[in-house]
2 protein chains.
Amino acid sequence: MTRTQLVEEINRKRSYLCVGLDTDIDKIPPHLFSTKDPIFEFNKQIIDATLPYAVAYKINTAFYEALGSRGWESMEKTAAYLPKDILKIADAKRGDIGNTTDMYAKAFFEHMGFDAVTVAPYMGADSIVPFLKYEGKWTIILALTSNFSSSDFEQKKLASGNELYKLVIETTAKLGSSSNIMYVVGATKAEELADIRNLIPDHFLLIPGVGAQGGSLSEVTKYGKNSDCGLLINSSRQIIYASSNEDFAQEAAKVAKAMQMEMSLYL
Amino acid sequence: MTRTQLVEEINRKRSYLCVGLDTDIDKIPPHLFSTKDPIFEFNKQIIDATLPYAVAYKINTAFYEALGSRGWESMEKTAAYLPKDILKIADAKRGDIGNTTDMYAKAFFEHMGFDAVTVAPYMGADSIVPFLKYEGKWTIILALTSNFSSSDFEQKKLASGNELYKLVIETTAKLGSSSNIMYVVGATKAEELADIRNLIPDHFLLIPGVGAQGGSLSEVTKYGKNSDCGLLINSSRQIIYASSNEDFAQEAAKVAKAMQMEMSLYL
């Protein structure tokens, strides 16, 4: 999916919502266990119900890998089920040397047809460049995450005066463009978004941590939005576990719709 | 596998060799394609042939994921095939927030029975602590990798005067002990091993990049060895692709044996 297509979808749906499919076998409604693939059945119903309100879906690979090859199969089926006009993100946080990164690109872009993959930058450009060879695909690089221990390394000051996450942004932005690189920036750091926008005015930011984790949609939008919107706000648990009963998909749709309606005011 | 058991195996086999199963469907001998699961068949023969010379096997998840759920199945079968007295390493380089790391721990330690998993430290302690809850399991943290772009971030000087990889070692070593944490240190930086040994005299180091990537076994051993050996030297391509013919397993064994014989001199 190109940047033009993504921006068109955002304007058409008046939404920059990404639904996070962190589908946990221990949290899905019990009635789904009578189906052949409860994880896929859950995802399918969540997707059907929330599709009018979302422009992206993010599959967190860990939740599928916890179930082994069976979980990996549910992930493949979910990726295949998502329609073409949706940005399909593999939240895989991979990061390795070049020849191994080639294999991850095959896994997520070729084998499963994802449009985007999240990448950990610790090992440097080798972890990123192989993904950038794919036309119309996106590499979403971890910059400043929303978890408590992001202060351990990401926020550490370098001898040059910058925090590590800023060096990550500056260094990796040169490897591609705002049409094939995005950054993960946690919503709990809304005031830091202004700084990040100075570094990369044009790039899209994938923002987790709004809602359940405490970030405010209006604050994040205020500091993070650019002229192409430039934001994808992810919500996982708050949407997909809105209800633990048979009405889970309708309840998920209600939460997604409320977020989309708030977003439409800001666009 | 506990530290005592690992050290016993090293002394028994007089080896600190780790065989890297970076099994690439495009590189395995063509005659294996008549079998039901060529990747597993290749691994099985490599394991059978090299087992007398190795104390650890490292499965690089990317190569399996490139084939989707079918590849994930070959990985599960390979992990199950490895005998109990071998340290089974998932070279997964995962790294995420706490609740997601829990899921990765389930995937690698519970579902597949690996003894160890490699972890990327960018997001801090949250990416590590959940793995440490498992008795007898190991978390192998990326410190200084052997790839060219390790200079992008790992080797950058912090305001405190230390390089980032040293802060990673100092910070994360406090989260566990030398009985449940190891570090990845690339062999191309043999002289830096002495520095690292000052920081962590007791920890095991997993060292890739000997052989094909240019590091010297004698140099690495000189700077990296401690009283419990404290080293696992990984070799992947040099062993598993020693021959591309029907004799691939015997040729792999010859290379592994030569490495083990050199190692036995240093122990």
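In chain A of this predicted model, A:Leu205 sits opposite A:Leu231 in strand β8(A). Strands here are DSSP runs of E with at least two residues, helices are runs of H or I with at least four, and both are numbered from the N terminus.

Strand β7(A), residues 204-207, is covered on both faces: A:Phe204 and A:Leu206 are buried on one side, A:Leu205 and A:Ile207 on the other. In a regular strand, side chains alternate between the two faces of the sheet. Buried means that 20 or more other C-beta atoms lie within 10 Å of a residue's own, exposed means 12 or fewer, and partly exposed is in between, with C-beta atoms placed from the backbone.

Stepping back, these strands are part of a closed barrel of 8 strands in chain A, running β1-β2-β3-β4-β5-β6-β7-β8 with parallel pairing. The twist from one strand to the next averages 30 degrees; axes are lines fitted to C-alpha atoms (for helices, over the stretch in contact), and angles run from 0 to 180 degrees between N-to-C directions.

Of the 267 residues in chain A, 57% count as buried.

Chain B also has a closed barrel of 8 strands in the order β1-β2-β3-β4-β5-β6-β7-β8, with parallel pairing. Strand β1(B), residues 17-21, is joined in parallel to β8(B), residues 231-235, by 3 bridges, and B:Leu17 has B:Ile233 as its bridge partner. B:Leu17 also turns up, with A:Leu17, A:Ile140 and B:Ile140, among the residues that touch the most other members of the 186-residue largest nonpolar core. Such a core is a set of buried Ala, Val, Leu, Ile, Met, Phe, Trp, Tyr and Cys residues joined through C-beta atoms within 7 Å.

Turning to the two chains together, 47 residues of chain A are in contact with 47 residues of chain B, contact being C-beta atoms, placed from the backbone, within 7 Å. On the chain A side, α5(A) gives the most, with 6 residues. Helices α4(A) and α4(B), each residues 69-81, pack at about 170 degrees with their axes 8 Å apart. That makes the two α4 helices roughly antiparallel (over 145 degrees; under 35 is roughly parallel, 65 to 115 roughly perpendicular, the rest oblique). Their contact is made by Ser69, Trp72, Glu73 and Glu76 of each chain.

Residues are numbered from 1 along each chain as its sequence is written, and chains are lettered from A and ligands numbered from 1 in the order written. Local features need pLDDT of at least 70 and side-chain atom pairs count only at pLDDT 80 or more, while totals for chains, interfaces and linings use all residues.

Terms used: Pairing = 2+ DSSP bridges.
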